[in-house]
Amino acid sequence: MNRSKRIHIVADQNIPALPELLGNVGHLTCYVGRTPPPELLETADALLVRSITQVDAALLKQAPQLKFVATATIGKEHLAIDALDARAIQWANAPGCNADSVGEYVLTAVLKVLQQQHRLDEVLDLDVAIVGAGHTGTAAGQRLAALGMNVHYYDPPLAEQGDSRAHSHWQRVLTSDIISLHVPLTRKGLYPTHHLIDIEALQSLHSGQLLINACRGAVIDNHAVIARCEQGECPTLVFDVFEGEPEINKAILPYLAIATPH
């Protein structure tokens, strides 16, 4: 096929295996950095991004030929869905793509913290709250349940839909030995997750508890975390994501048992 007749696919260079997967589909051009350069957007038929790229109205204005956008992530808050729909641009995300890796991260983090605290013999007695019973939450919960922990899932929307695994008792979450967060970042609707863990929630937690965030940084109010930790007796903290990435508040780092760059 003549290259001029093939679709032009513009993609983040950090999405693996694209040349092997798409080499026969169209003309692939990879970009470096957070935003594709205008000269590539101008001729792009398809755009493949990660969560660091904001596909908003300003970017779409530079891409007059664009017909399809995909993100290699579960989350889609970096996609301006209304703007895409207004242009009739098809879009896709990748729910479940990292479920196993997130589940293994949570399992490893829990075991590491328990080992450091000399509490491995308590495994069968621990109560685990998985906040968000989607792909990643389920993967994490299954692994911890396999160790014999008592795992329960807080997910009000799923509970309302009749999912027998899910409940909507927030206080049960806050009294659990381990709290692991697996929700999308939302600011609207009946159950917004932005700052779900705020200063009020943090005040109710204590040093015997473990709080893990492996979903979105702003699900936890990071400024509130610092304020709470400065008081002492704060929960053990494991963060794989941070509010304001990549410009994070470095003052939070000394308070974290495990800090990883997602």
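**Entry 1**

I began at β5, where the bridge partner of Ala-70 is Ala-92. The model is predicted: I took local features only at pLDDT of at least 70 and side-chain atom pairs only at pLDDT 80 or more, while totals for chains, interfaces and linings use all residues. Residues are numbered from 1 along each chain as its sequence is written, and side-chain values use heavy atoms, with hydrogens and water left out.

Helices (H or I, at least four residues) and strands (E, at least two) are DSSP runs, numbered from the N terminus. I count two strands as paired if DSSP finds at least two bridges between them. Strand β4 (residues 68-71) is joined to β5 by three bridges, and the two run parallel.

For angles, axes are lines fitted to C-alpha atoms, for helices over the stretch in contact, and values run from 0 to 180 degrees between N-to-C directions.

Most residues other than glycine have a negative phi, and most peptide bonds are trans. I looked up the exceptions.

Ala-17 has a positive phi, near 65 degrees. I found Ala-17 in the loop between β1 (7-12) and α1 (18-22).

The peptide bond joining Glu-245 and Pro-246 is cis, with omega about 5 degrees. Pro-246 sits in the loop between β11 and β12.

**Entry 1: the seven-stranded sheet**

A second open sheet has seven strands in the order β8-β7-β6-β9-β10-β11-β12, and the pairing is parallel. Its edge strands are β8 (166-167) and β12 (258-259), each pairing on one side only. Inside it, I checked β10 (residues 210-213) against β11 (residues 236-239): they pair in the parallel sense over four bridges. Leu-211 has Leu-237 in β11 as its bridge partner.

I also noted that α6 lies across β6 (127-131) and β7 (150-154), running at about 165 degrees to β7.

**Entry 2: α5 against α6**

The axes of α5 (residues 99-116) and α6 (residues 135-146) come within 8 Å and cross at roughly 40 degrees. That makes α5 oblique to α6; oblique covers what is left after under 35 degrees (roughly parallel), over 145 (roughly antiparallel) and 65 to 115 (roughly perpendicular). The crossing is right-handed, meaning the near helix is turned clockwise from the far one by less than a right angle.

For contact I required heavy atoms within 4.5 Å. Residues of α5 including Val-102, Leu-107 and Val-110 meet residues of α6, among them Ala-139, Ala-140 and Leu-144.

**Entry 3: the UniProt record**

UniProt lists residues 115-262 as "domain: D-isomer specific 2-hydroxyacid dehydrogenase NAD-binding", in an unreviewed entry. Such annotations may be inferred rather than shown by experiment. Over residues 115-262 I have 26% helix and 18% strand, with the end C-alpha atoms 22 Å apart.
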